[in-house]
Amino acid sequence: MTNSLTPRDKGNLPVLSAPPLVRLDAYVAEDGSTVVNGHLLEMGGRRPPNEAILDAVAMFARTVGSPVAATVIDRMAQQVARLRVYPDGSSRTIAEEDDLPPGIERTTAEEAAFPPLARVQRIVQHAQREELHAAFVLASALREHLTLRRGAEDELSLEARAIEAYLAYQRDDYMVSTVLALTVARIRCRTDLNRAAPEVARATAAWERLLDEGQVATRGQELLRMWERLSEEGLLLEPSHQAMARAVRARLDQSGRSLPPAATPALPAGQDREPLAPEDKPLKPTRRGLRRFTRRPGRPTESAPNPS
């Protein structure tokens with residue numbers, strides 16, 4: 001293993017003059033895959049994610065010569081942890097109420113130092129090399145952190161979720177792809193109906209690959225409501241979209257799961273019947289002193305894992 005966590009491109013290193021609002025971010029997927037600041041760590045299964053994250057963030061703290069803040073979304077523990085990590089490798093966790101509150105200034109400063117576009121480019125590079133697992137984990141990390149900072153309806157959050165849905169489709173994970181794409185379509189139907197049809201089409205393309213009849217019925221009924229609303233608003237213009245709408249109803253009719261038109265009212269803007277992003281499992285509130293992210297001063301750090 002290398003002793004340096006410096007990325008191949010140095011655009012994601014915090015600059016010495018970075019405002020104190022800027023922090024690093026980390027993400028642990030449900031399978032243990034770990035991302036720090038938009039780089040997937042190659043740990044070889046030797047070390048737990050929390051130790052790898054602390055080592056990586058401490059490396060950044062030593063680079064800038066001052067304490068570094070970090071927000072860790074840990075899907076293995078279903079928790080978000082907020083850290084302060086020091087150049088000597090020590091760290092502590094703080095409660096959510098002790099952290100800087102979200103806001104435009106904080107979000108702008110963070111994303112100026114660590115731009116989402118650079119992360120998207122890295123995701124694309126992994127996908128082009130057919131490293132679909134890495135690309136998907138990086139897309140999930142980006143979507144999670146953008147949603148945490150900006151909210152699910154934000155444009156960047158939506159784009160990250162759409163990328164994640166596409167990569168899930170490429171991995172033949174059609175259930176995940178359908179759920180993610182449906183959320184993008186649901187939000188578009190709520191906030192910008194004129195841009196909703198392509199998103200509903202992408203969700204339909206993933207749904208058509210589903211085999212589980214229960215999921216076919218549940219997701220298909222929501223898709224049908226979306227297509228019908230677009231039709232009622234005169235926005236079902238593309239012949240391919242019209243064909244998709246007919247295909248959804250035909251499949252539901254064939255399975256006996258289609259709802260009659262009277263039972264599928266169009267949803268007015270701003271009046272969703274269900275959470276915008278039900279797949280975003282709620283995270284436990286941050287607590288002080290989370291043991292797995294706490295190190296005492298003077299404790300030596302391990303060699304940092306390779307980023308990619």
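Biologist: Where does Asn37 lie?

Modeller: Asn37 sits in the loop between β2 (34–36) and β3 (39–42); strands here are DSSP runs of E with at least two residues, helices runs of H or I with at least four, numbered from the N terminus. This is a predicted model, where local features need pLDDT of at least 70 and side-chain atom pairs count only at pLDDT 80 or more, while totals for chains, interfaces and linings use all residues. Residues are numbered from 1 along each chain as its sequence is written, and side-chain values use heavy atoms, with hydrogens and water left out.

Biologist: Why is Asn37 called buried?

Modeller: Its relative accessible area is 0%, and buried means under 20%, exposed over 50%, partly exposed in between (1.4 Å probe, protein chains only). So Asn37 counts as buried. Asn37 also has a positive phi of about 55 degrees, although it is not a glycine.

Biologist: And what makes Glu130 exposed?

Modeller: Glu130 has a relative accessible area of 70%, so it is called exposed. This residue is found in the loop between α3 (116–128) and α4 (132–150), and its phi is positive too, about 60 degrees.

Biologist: How do you know that α6 and α8 are roughly parallel?

Modeller: Helix α6 (residues 174–191) and helix α8 (residues 213–232) pack at an angle of about 25 degrees, with their axes 11 Å apart. Axes are lines fitted to C-alpha atoms, for helices over the stretch in contact, and angles run from 0 to 180 degrees between N-to-C directions. Angles under 35 degrees count as roughly parallel, over 145 as roughly antiparallel, 65 to 115 as roughly perpendicular and the rest as oblique, so α6 and α8 are roughly parallel.
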